[in-house]
Amino acid sequence: MKIGILGGGQLARMLALAGVPLGLEFVTIDPAQDACAAPVSEHWQGAYDDPVLLERLGQVCDYVTYEFENIPVAIVEQLARTVPVYPSAQALAMSQDRLIEKQFLNELGIATAPFAAIDSLAQLEAEAGRLNFPAILKTRRFGYDGKGQFVIKKPDDLHAAWTAMAGHALILEGFVPFCREVSILAARSPSGDKVYYPLSENQHHKGILRMAKNTRDDLLQAKAERIIDKVLDALDYVGMIALEMFELEGELVANEFAPRVHNSGHWTLEGSVTSQFENHLRAVVGWPLGATDSVGFATMHNFIGRNPDLKTLLALPQVHVHYYGKSARKGRKVAHATVRADSEATQSGRSAAVAKLARQWDDS
């Protein structure tokens, strides 16, 4: 069985590595000649909207999926006429525009930060006064890892924010005074079967995820599952999904969802019975979904900008390193490591050691 993946980055690479042992074959389309997934897939270099490549992909693949949100919805709609594509074009469209996404979540009764569409400096000034400070001005589309954002701390920042962000469709979001960042990852099959991973507890710095770890018996687990259920059922969703949320006084406030495997779920590679990558593939092809029980305590650390020293990392106990095959570049995710232990105390010590090394190599 052959799976097509739109995008050839590290997520496509890890999908292929999870699928090859199951007998799956992969074709990836990516503009980069040295795409991360090229060594583990049949890589077709080219634009995502190349009509020749798309027609060929629909002919040779049994199913198609994608590894990131910033591909044109029209491509998914076109491919879906000849081959099953999961997640759907509807799910992709919802996730691409922060305004539409938050309106959708609110319509489902899911709480979000207060927000407003911004089309002018005057509107920014008026809405900032309504939402109060601090607030975050964001592009509605194509933002990731802290890009396309301007934090407005006081009224004097409004003009600078508008000058920096003008020319884009914008959304202003009120600040959520959260005590914790979490994400719920779930998979849904075409028949409607669902599995949920334990809540992932996340830490960001400069808008980039630095650490994610599994939780045990989290008091908000059931509430998070009920929230993600609303999204899964409303979209008749198929595949893995991640919903990032803030915890505020025992309640959950949704931030955004990703219709794909997600960075905050990388700990599942070594820390779960079935990884998020394998469960995404199982869902896409209609196979039974795998168990999501944790295997001990697991923490994922991202390495930003530069590859870490492999020898140093491998000298630490229960550290599993994943290089992405990327060249060094400021602010770029180039690798991650999962740290695992059987007790929370041991895990905390091991994780602190890897976090220290990640800071030393950080180039963000």
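Me: How do the residues lining the second largest pocket divide into nonpolar, polar and charged?
Reply: This is a predicted model, in which local features need pLDDT of at least 70 and side-chain atom pairs pLDDT 80 or more, while totals for chains, interfaces and linings use all residues. Residues are numbered from 1 along each chain as its sequence is written, and side-chain values use heavy atoms, without hydrogens and water. With Ala, Val, Leu, Ile, Met, Phe, Trp, Tyr, Cys and Pro taken as nonpolar, Asp, Glu, Lys and Arg as charged, and the others, Gly among them, as polar, the lining divides into six nonpolar, 11 polar and seven charged residues.

Me: Is S189 buried or exposed?
Reply: Buried means under 20% relative accessible area and exposed over 50%, with partly exposed in between, for a 1.4 Å probe and protein chains only. Because its relative accessibility is 3%, S189 counts as buried.

Me: With which side chain does the side chain of S189 make a polar contact?
Reply: A polar contact is a pair of N or O atoms within 3.5 Å, where within protein one must be able to donate a hydrogen and the other to accept it, and residues adjacent in sequence count only if both atoms are side-chain atoms. At 3.0 Å, the partner of the S189 side chain is the side chain of S191.

Me: Which residues does S189 touch beyond four places away in sequence?
Reply: Contact here means heavy atoms within 4.5 Å. Not counting residues up to four places away in sequence, S189 touches Y237, V238, A283 and L289.
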